[in-house]
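The structure is shown first, and the points follow by topic.

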Amino acid sequence: MADSKTAKLLINNAEFELPVLTPTVGPEVLDIRKLYGQADVFTYDPGFTSTASCDSTITYIDGDAGELWYRGYPIDQLAAKSHYLEVCYLLLYGELPTADQLHDFESRVTRHTMVHEQMHYFFRGFRRDSHPMATMVGVVGAMSAFYHDSTDIGDPWQREVAAIRLIAKLPTIAAMAYKYSIGQPFVYPKNELDYASNFLHMCFSVPAETYHVDPALARAMDRIFTLHADHEQNASTSTVRLAGSSGANPFACIAAGIACLWGPAHGGANQAALEMLREIGTVDNIPEYIAKAKDKNDPFKLMGFGHRVYKNFDPRAKVMKESADEVLDLLGVHNNPTLQVAKELEKIALEDEYFIEKKLYPNVDFYSGIILEAMGFPTSMFTPIFALSRTVGWIAQWKEMIGDPQNKIGRPRQLYIGSLKRDYIDIETR
Ligand code: ACO
């Protein structure tokens, strides 16, 4: 990665040399680690728009080309040919598994799908009308109180067990959060089912009836998991890394990631996007909402549109759009008004000067809600489904960081613009 190339920085006539790091692909990176020590200056980059926070071998995005690779494999190939647990293996261990490796991995994950029975009582502390994301933040954080034998981050075996537990149990926890919110009994995992079918079964079956998972819907669910599995150093992943950099245990770190994901500018956008499409209601109302999105004095934004890195189509949105058509067809839903509004909104926005100039395209969240709603999920479950899919990415990135000998606690600096030092004034004289 490092080579002999350098950049020169001139500050008040003093010259400093900065090493230039060359990635496998993508822009070169100025190494400023020694800058403060040598030049007594900080760099300023709120929102990390130009700052690489780590090196990583896991995921690569070319935002201009609209490309996303997991360990070098393009997302559209993985979405078409692979499946979620194979992708989990790839993200965690760096290579596609052989048949034996995959079989072993699947059986390890499958054997960890149940949660500690005491956790059922933990759920009961929540109000029934809690948002499932609120429940997930609490319950995943509480995993560190239930699984003490996998919280020693210095032990590679415990790190591995924590990774498997998180991937295996997140669907169970998300399904439990859903069942709790609708007042139905929890459904135990069924290990004869594959990962996606098991999740659908835990969400939609009830003890009173037999529930058969439609294999085509399970495939669509699995594809949603795959498309969300990792996305390099996004806000929630950076949150997981920052929490983990202090040595916090993996369950606490993933709970921090879930909290960050919840925001509407990040994973919460899938819920917000569907709510927006419903609010728009009919194609006739689209121009009014486009005008609102363009109005500087209106805080409204087109949810599911725009991205910090993609300045072209989000490749996940393309797959998601095709999947939406397939799933609605499969379910016999024709002329779905929300899908019609979404497609027309996309068309109008992509021809509009404002969106063209700012390079705003649909992101992964624009179409995912339509599929999830058609499958029977309420909007409040959209972000928990994103969270369970992204858990593998968070844990792969966390493991990469913990295993990196260069790992240090993350501790940004600031540009202080507050008061100068001043003396305390007694209350009577203020
Ligand atoms: N609708 C209208 N205008 C937008 C939108 C949008 N969805 N997104 C960005 N813009 C405008 C901004 O107002 C800004 O305009 P300006 O230059 O005149 O001030 C310009 O485009 C650049 O946008 P920023 O907000 O500066 O871009 P940033 O990279 O900080 O934000 C973000 C990216 C948060 C995704 C933003 O596009 C957004 O809020 N989108 C809607 C929410 C959303 O869909 N989030 C999901 C992201 S994907 C994910 O997390 C899975």
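The crossing of H10 and H18 is right-handed, a crossing being right-handed if the near helix is turned clockwise from the far one by less than a right angle, and left-handed if anticlockwise. This is a predicted model, in which local features need pLDDT of at least 70 and side-chain atom pairs count only at pLDDT 80 or more, while totals for chains, interfaces and linings use all residues. Residues are numbered from 1 along each chain as its sequence is written, and side-chain values use heavy atoms, with hydrogens and water left out.

**Packing of H10 and H18**

- Helix H10 (residues 235–245) packs with H18 at an angle of about 40°, and their axes are 9 Å apart; helices are DSSP runs (H or I, at least four residues) numbered from the N terminus.
- The two helices, H10 and H18, are therefore oblique to each other, a term for angles that are not under 35 degrees (roughly parallel), over 145 (roughly antiparallel) or 65 to 115 (roughly perpendicular).
- On the H10 side, the contact (heavy atoms within 4.5 Å) is made by Ser236, Thr237, Val240, Arg241, Gly244 and Ser245; H18 contributes Arg390, Trp394, Gln397, Trp398, Glu400, Met401 and Ile402.
- Five nonpolar, five polar and three charged residues make up this contact of H10 with H18.

**Surroundings of H10**

- Ser236, Thr237, Val240, Arg241, Gly244 and Ser245 are the buried residues of H10, where buried means under 20% relative accessible area, exposed over 50%, and partly exposed in between (1.4 Å probe, protein chains only).
- These buried residues of H10 pack against helix H11 (250–261) and H18.
- Glycine 247 follows H10 and has a positive phi, near 95°.

**Helix H8**

- Nine of the ten residues of H8 (residues 195–204) are buried, so the helix is largely enclosed by the rest of the structure.
- The packing partners of the buried H8 residues are helices H3 (84–93), H4 (99–110), H7 (156–181), H9 (215–227) and H18 (382–402).
- The N-terminal end of H8 is capped by aspartate 194, with a side-chain oxygen 3.1 Å from the backbone nitrogen of alanine 196.
- Asparagine 198 lies in H8 and counts as buried at 6% relative accessibility.
- Leaving aside residues up to four places away in sequence, asparagine 198 touches Thr113, Pro189, Lys190 and Leu193.

**The segment after H18**

- Isoleucine 417 is found in the segment after H18 and is exposed, with a relative accessible area of 78%.
- Between isoleucine 417 and alanine 39 there are 378 residues of sequence separation, and the C-alpha to C-alpha distance is 20 Å.

Conventions: Polar contact = N/O pair within 3.5 Å; in protein donor to acceptor, adjacent residues only side chain to side chain. Axes fitted to C-alpha atoms, helices over the stretch in contact; angles between N-to-C directions. Nonpolar A, V, L, I, M, F, W, Y, C, P; charged D, E, K, R; others polar.
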